[in-house]
Amino acid sequence: MHYIGIDIGGTTIKAARVDSLGAVAESLKAPTPAESLDGLIATLADLVSRLQSNAPVSSVGVGIPGLRNTRTGVIQTSPHITCIRNVNLQEMLQRKLAIPVLAENDANAGAYGEWRSGAGKGLHHMAYISLGTGLGGGLILSDRLFHGTSGYAGELGHTVVETAGRQCDCGASGCIETRVSGPGIVQTALERGVSGDVSSAGSIYAAAMHGNEGAKAVFVETGRYLGMACANLINLLNLQAIVIGGGVMASGDLLLNATREEVHRRAFRASAQDCPIVQSHLWPDAGVIGAAMLARDNS
Ligand SMILES: [Zn+2]
């Protein structure tokens, strides 16, 4: 039997038909109609029907960028996709598609995917960090996706690392996402006066790879902030692994070596030794695979 996993991003919706072991059999993309709920539902229905046409599908999982209340099913907030705020997308889609649908926060879906069939397979306690336009987090604790009281747990990006830090999109300041994210990296490069193209994390990484010392320093500084977040997680939760994915992870070891150094400076040694910091095995499909695995395991 196959399952459909969907990852609704700020600009692109990714959808895949995934087999029962978590392997992608077929995948599709479509632009996100961020301001029209009818348009979004129609796009999702079209993707599902195209993926259903080649093989039977038993359920659909949807990763959404926002806080979803697990008691009511309503999406409380979504910074970039305004049309899904205060909407029970799971219920609406289920009615439209006539197939079981399960909605989940996108980073939680990524965490679930890495745990079920990726870098965290077989572990009991792990965190997943998705590093892109924002910094997403998901927690697997005692062999379960950890939701907290209302489903809002795992928002690592909005944990605070500075008292007088940068203004965050969430309304607070000093959140780690303002440092460790694509836009955060660009701002660091601008503040440091890095020469050349600093329009994106990717262009700054390219400059670093061509020997631009200022650009390299941006990634080392960003990696240290990420290391602080990881050390906090390790001391708080005594995890078995932290899995890091997301678009910015193309910068790989330049960032992660600084992260690992910072972890060893700040976390308890015994706890840090339990917890390797590893790259995602499923990227860029962690979100769709996780959503499909959630559909498999909950319907
Ligand atoms: Zn924030």
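Predicted model: local features only at pLDDT ≥ 70, side-chain atom pairs only at ≥ 80, totals over all residues.

I call a residue buried under 20% relative accessible area, exposed over 50% and partly exposed in between, with a 1.4 Å probe and protein chains only. Helices (H or I, at least four residues) and strands (E, at least two) are DSSP runs, numbered from the N terminus. Residues are numbered from 1 along each chain as its sequence is written, and side-chain values use heavy atoms, with hydrogens and water left out.

Entry 1, helix H1.
I checked the length of H1 (residues 37-52) first. The expected span is 1.5 Å times one less than the number of residues. For the 16 residues of H1 that gives 22 Å, and the end C-alpha atoms are 22 Å apart, so the two agree. Next I listed the buried residues of H1: Leu40, Ile41, Thr43, Leu44, Ala45, Leu47, Val48 and Leu51. An α-helix has 3.6 residues a turn, so residues three or four places apart point the same way. What do the buried residues of H1 pack against? I found strands E1 (2-8), E2 (12-19), E3 (24-31) and E4 (57-64), plus helix H2 (89-97). Contact here means heavy atoms within 4.5 Å.

Entry 2, the sheet.
I traced 5 strands in an open sheet, ordered E3-E2-E1-E4-E7, with mixed pairing. Two strands pair if DSSP finds at least two bridges between them. The edge strands are E3 and E7 (101-105), each pairing on one side only. Neighbouring strands are turned by 20° against each other on average, direction ignored. For angles, axes are lines fitted to C-alpha atoms, for helices over the stretch in contact, and values run from 0 to 180 degrees between N-to-C directions.

E1 and E4 pair in the parallel sense over 5 bridges. I noted Gly5 opposite Gly61 in E4, and Asp7 opposite Gly63 in E4. E4 also pairs with E7, in the parallel sense over 5 bridges. There Ile64 stands opposite Asn105 in E7. Is E4 mostly covered or exposed? It is mostly covered, with 7 of its 8 residues buried.

H1 lies across E1, E2, E3 and E4, at about 155° to E3. Helix H9 (residues 286-298) packs on the sheet too, touching E1, E2, E3, E4 and E7, and its direction makes about 130° with that of E1.

I count donors as N, O and S atoms within 2.8 Å of the metal (3.2 Å for Na, K and Ca); water is not among the atoms, so sites may look incomplete. Which protein donors hold the zinc ion? I found His158 (ND1), Cys168 (SG), Cys170 (SG) and Cys175 (SG), at 2.0 to 2.4 Å. Their spacing along the chain is H-x9-C-x1-C-x4-C. The 4 donor atoms subtend angles of 104 to 120°, so the arrangement is tetrahedral. His158 has 29% relative accessibility and therefore counts as partly exposed. Cys170, at 44%, also counts as partly exposed.

Terms used
Tetrahedral: all angles 85-135°; square planar, octahedral: opposite > 155°, others 65-115°.
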